[in-house]
Every structure is written in structure tokens, then in C-alpha cells.
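Please keep the sequence and the structure in view while reading.

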Amino acid sequence: MHEWALVEGVIATAARFAEENGITEVTEVVVVVGELQQVEHEVLEFAFENLKTPLFKNARFVLESQPARFKCRNCGNEWGFTSEGMTEDVSEAIHFVPEMAHVYIKCSECGSPDFEVAEGRGVWLATIKGVKGDE
Ligand SMILES: [Zn+2]
């Protein structure tokens with residue numbers, strides 16, 4: 001499903017990078033997952049174990065979380081996500097549906113509800129480590 005497609009993309013990108021750089025054995029793949037991205041880390045790990053090609057046989061699959069950041073369109077202020085002062089339900093809703101953030105979060109400087117999610121969404125390949133064939 002969603003997670004499997006993401007992992008497929010990560011593996012394809014990592015494999016291409018390895019090929020371009022003469023890496024014959026990948027030892028570590030670091031994937032960054034935005035805090036607001038709706039994916040299960042366990043499912044990503046499971047998908048990686050099942051989709052990996054021989055190139056990744058001994059690779060460590062590392063998941064890192066990127067905290068969410070918001071940027072105000074009115075005053076340019078940037079701030080991080082905090083669930084302080086929110087009920088658990090609201091915090092859950094925002095993590096589940098980032099669009100909900102606009103209902104509950106306002107700029108910490110000017111109070112404007114007009115902001116964008118600057119960071120904290122998406123899943124991408126951050127680092128890949130490996131062994132080169134002729135070394
Ligand atoms: Zn503002």
C-alpha cells in the first residue's frame with residue numbers, strides 16, 4: 001500500500017545511487033520521515049525487509065523523524081509543532097490529517113491562521129552508505 005510504494009521508491013533511488021557510485025554492497029540506508037507524514041514506521045521496516053534486493057542484503061534500515069515546522073504567510077515567522085495546550089484528540093487529528101492544523105494552530109507571533117507546513121511532511125532518502133567494489 002502507501003508504505004510499500006514509498007519503500008519501493010527509496011530502494012530504487014538507493015540502488016541507482018549505488019550503481020552511479022560503484023557501490024556493490026549497501027551497509028546503511030537512512031530514511032527521513034516527516035512527523036506529520038501518515039506512515040507506520042514498523043510497516044516501512046517490514047516493507048524494506050521484504051522488498052530489498054541482494055544489494056541491500058546486509059544494509060541497516062534507519063528511520064529518522066523530522067519534526068514539523070510551520071511558516072506564517074503573513075509575517076514569515078517559523079515555529080515548531082507543539083501539542084502543548086491541546087487535548088490529545090486534537091494533537092492526534094493534526095498528526096493524522098495535517099490540513100487540520102489550520103483549524104487549531106495559529107502563528108505564534110502575529111496570530112494569523114494563514115501558514116504553510118514548511119517541514120514535517122514526506123518521506124525521503126537521506127543517506128546511503130556502502131562498500132565500493134574495488135576497494
Ligand atoms: Zn505570523
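## An exposed loop residue

In this predicted model, Asp 114 counts as exposed because it has 12 C-beta neighbours inside 10 Å, and a residue is classed as exposed when 12 or fewer such neighbours are found. Asp 114 sits in the loop between helix H4 (101-104) and strand E5.

Which residues does Asp 114 touch once its neighbours within four places in sequence are left aside? The contacts of Asp 114 are then with Arg 73 and Asn 74. Lys 71 lies 43 residues away from Asp 114 along the chain, yet the C-alpha atoms of the two are separated by 8.8 Å.

## The sheet that contains E5

Strand E5 belongs to an open sheet of three strands, ordered E4-E3-E5 and paired in antiparallel fashion. Strand E4 (78-80) and strand E5 (115-119) are the edge strands, and each of them pairs on one side only. On average, and with direction ignored, neighbouring strands of this sheet are turned by 30 degrees against each other.

Strand E3 (residues 69-72) and E5 run antiparallel and are joined by four bridges; within this pairing, Arg 69 has Glu 119 of E5 as its bridge partner.

## The sheet built around E1

Another open sheet of three strands has the order E2-E1-E6, and its pairing is mixed. Because E2 and E6 stand at the edges with a single partner strand each, one side of each is left without a neighbour in the sheet. From one strand to the next, the twist averages 20 degrees.

E1 and strand E6 (residues 123-132) run antiparallel and are joined by nine bridges, whereas E1 and strand E2 (residues 60-66) run parallel and are joined by seven. Val 32 has a bridge partner in each of these strands, namely Trp 124 in E6 and Glu 64 in E2, while Val 33 has Ser 65 of E2 as a bridge partner. Helix H1 lies across E1 and E6, and runs at about 40 degrees to E6.

In soluble globular proteins, nonpolar side chains tend to be buried together.

The domain assignment divides the chain into domain 1 (2-67 + 120-132) and domain 2 (73-118). The centres of domain 1 and domain 2, taken over C-alpha atoms, are separated by 29 Å.

Where the two parts meet, six residues of domain 1 are in contact with six residues of domain 2. The side of domain 1 that touches domain 2 is made up, by class, of two nonpolar, two polar and two charged residues.

Technical notes:
Residues are numbered from 1 along each chain as its sequence is written. This is a predicted model: local features need pLDDT of at least 70, side-chain atom pairs count only at pLDDT 80 or more; totals for chains, interfaces and linings use all residues. Domain bounds come from an automatic or database domain assignment. Two residues are in contact if their C-beta atoms, placed from the backbone, lie within 7 Å. Ala, Val, Leu, Ile, Met, Phe, Trp, Tyr, Cys and Pro count as nonpolar, Asp, Glu, Lys and Arg as charged, and the others, Gly among them, as polar. Two strands pair if DSSP finds at least two bridges between them. Helices (H or I, at least four residues) and strands (E, at least two) are DSSP runs, numbered from the N terminus. Axes are lines fitted to C-alpha atoms, for helices over the stretch in contact, and angles run from 0 to 180 degrees between N-to-C directions. A residue is buried if 20 or more other C-beta atoms lie within 10 Å of its own, exposed if 12 or fewer, and partly exposed in between; C-beta atoms are placed from the backbone.
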